[in-house]
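Work through the exercises below with the model open. Each task is followed by a stepwise solution.

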Amino acid sequence: MMPVIDVQHLTKTYKTYKRGAGMGQTFKSFFQREEVVVHAVNDISFAIGQGEICGILGPNGAGKSTAIKMLCGALYPTSGEIQVLGYSPARDRKRYVGKIGAVFGQKSQLIWDIPPIDSFHMNKAIYGIANPDFKSRLEELTELLDIAHVIEKPTRVLSLGERMKCEFVMAMLHRPDILFLDEPTIGLDVIAKVKIREFIRQMNKKQNMTCILTTHDLEDVEELAHRVIVINHGDKVFDDSLQQLKLFLGEKKRVNFTFAESVQGTVFDNAYTKVIDRLSDFQITLEVDTAHISISDFLEDISRKHRFSDISVKELPIQQVVMNIYENAGGVDE
Amino acid sequence: MKRYLDVYKQGMYSALQSAAAYRMNFIVSSLITLAGNILFPLVTLLIYRAGTSFPGWGLYEVLLIQSVFTMSSGLSSLIFGGVLWTTMSHVREGSFEVILLKPLNPLFFIIATTFSIDSVGLFLGGVSLFIFAAMHVGAIPVLFWLQFAGMFIAGTAVLAGLSLMMAAISFKWVGNSRISELADSVLHIGKYPLPIFPKAVQAAATMIIPVGMVGFLPASALLGRVHASDYAAILPCFLFLAAGIWIYRHMIRLYEGVGG
């Protein structure tokens, strides 16, 4: 597969200042500040092919957003080379960004006080989209995302899920070749997450559009990505298929229980279950190895022994994933 | 070019819509700006009523200078007024990449999307005061009007350059809301007849930071009081704007965002 994104030895460092905590340190920082060099992205290389959906995983502060901003041409790398669709993103920014779309989960492209439809018209002018094309594209996107009824309401009155769907329309109107998604499902409810993931899958399939997705939600990656890159403290610690990542994870899930009765003295640890957190005699978090027992069998087993009032089943937190990768692979997988 | 015009048109439309969304804020803000700028020439009126004056300059001549200054400020504020605050807020919040994602000159995009409709009050206040003062200074020949128009455009270029330089500083001096006061303190010089200032200040206000072109020189052109050497101050005005654009574009490279 011909790579559309080729990243070689990408590094981004920047300077910040340590200000300390408390009144004394704050006062001192007015006169003397300690400079700190942050290695946000540290010599990472990878290539991504046309039509791939690649998830970039990492805990908060790992450097994944910095990496995606450099790929979008919004930040200049400190060193290293990036080639996307034959462009150097930061140097050829103006020509390059017309070929890509981006959704930043925490930064809106919509104009706050006016309806999304007017923001869409702004993008129509920016990208020079012809009228018939704009109309048909808008109809297609609003139908897929089921937001035709909200696009004429002021943005500020929309729910987070509705706004995020409108952000996707903003990013997709000009039919980009590559879509960059930075935490696109952050803060969304389950229904909105499912809709957005379905939309990304369809766009990828219909347009053979390449997607780069940063997230710390393993579910996003499981649902969408063909391939996963894990970044931690600016370093690439894993770069392989989702199947390979699952081998490292060992098919584990976390189950939070709120029991209706005290489970003091009950031993939950066994060959396939481990106690992760015991908040009280009523609230316990267990890690279940689903390679050995299915979640339904596990829940049936527990419900036979104890009554519970609430449960939630979650993927492993990304910090745990990174730890598993380090433990199993001894660090970097090149 | 058509694409840029369409974007600007859409930006103006969005600004109007936003103003319409908060009608009371728009009305109150326009009135406060208008009142603040009309009160300022009243001080001049009080000075002259008290029997004192700016030597060599009559009341309506000084009011003419001040009205031209207000018109120029209003026009510049309409077009460039939002650049400083928008840049500052994007840099502080780390959302400037939203601007950089557009296949346009980022400076143009910010200007197009920050059309400050609130400044209409300031501009119209300046126009009203200008008409009032011009009616009291006698007949103005067509040639003087042409000279005035050229110098007025040059003065607006100075204000635009100053706005861009202040906005550029916000890339480095993150979150400093007093940046605009730096510009205001320099601009005050343009509100008064330049000859009342020491020679060094006069030279700086025509050739280095040409704030003399904002109010004083265009008004002097209308009054037929410009000298041949004053025309030399037009070039620095456009150089000043070019410097503002260059510095702003250079400072964009320093943008580092904030943690994601």
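**Exercise 1.** Which unit do E6(A), helix H7 (residues 190-207) of chain A and E7(A) make?

*Solution.* They form a right-handed β-α-β unit. Right-handed means that, with the strands pointing away from the viewer, the path from the first strand over the helix to the second runs clockwise. Helices (H or I, at least four residues) and strands (E, at least two) are DSSP runs, numbered from the N terminus.

The model is predicted: local features need pLDDT of at least 70, side-chain atom pairs count only at pLDDT 80 or more, and totals for chains, interfaces and linings use all residues. Residues are numbered from 1 along each chain as its sequence is written, while chains are lettered from A and ligands numbered from 1 in the order in which they are written.

**Exercise 2.** Find the strands joined to E6(A) by bridges.

*Solution.* Start with strand E5 (residues 100-104) of chain A: 5 bridges join it to E6(A), in parallel. Here A:Phe104 has A:Asp182 as its bridge partner. Next take strand E7 (residues 210-215) of chain A: 5 bridges join E6(A) to it, again running parallel. A:Phe180 stands opposite A:Ile212. Strands pair if DSSP finds at least two bridges between them.

**Exercise 3.** Why is strand E6 (residues 178-182) of chain A largely enclosed by the rest of the structure?

*Solution.* Count first: 5 of its 5 residues are buried, so the strand is largely enclosed. Buried means 20 or more other C-beta atoms within 10 Å of the residue's own, with C-beta atoms placed from the backbone. Then check the faces. A:Ile178, A:Phe180 and A:Asp182 are buried on one side, A:Leu179 and A:Leu181 on the other.

Note on methods:
A residue is buried if 20 or more other C-beta atoms lie within 10 Å of its own, exposed if 12 or fewer, and partly exposed in between; C-beta atoms are placed from the backbone.
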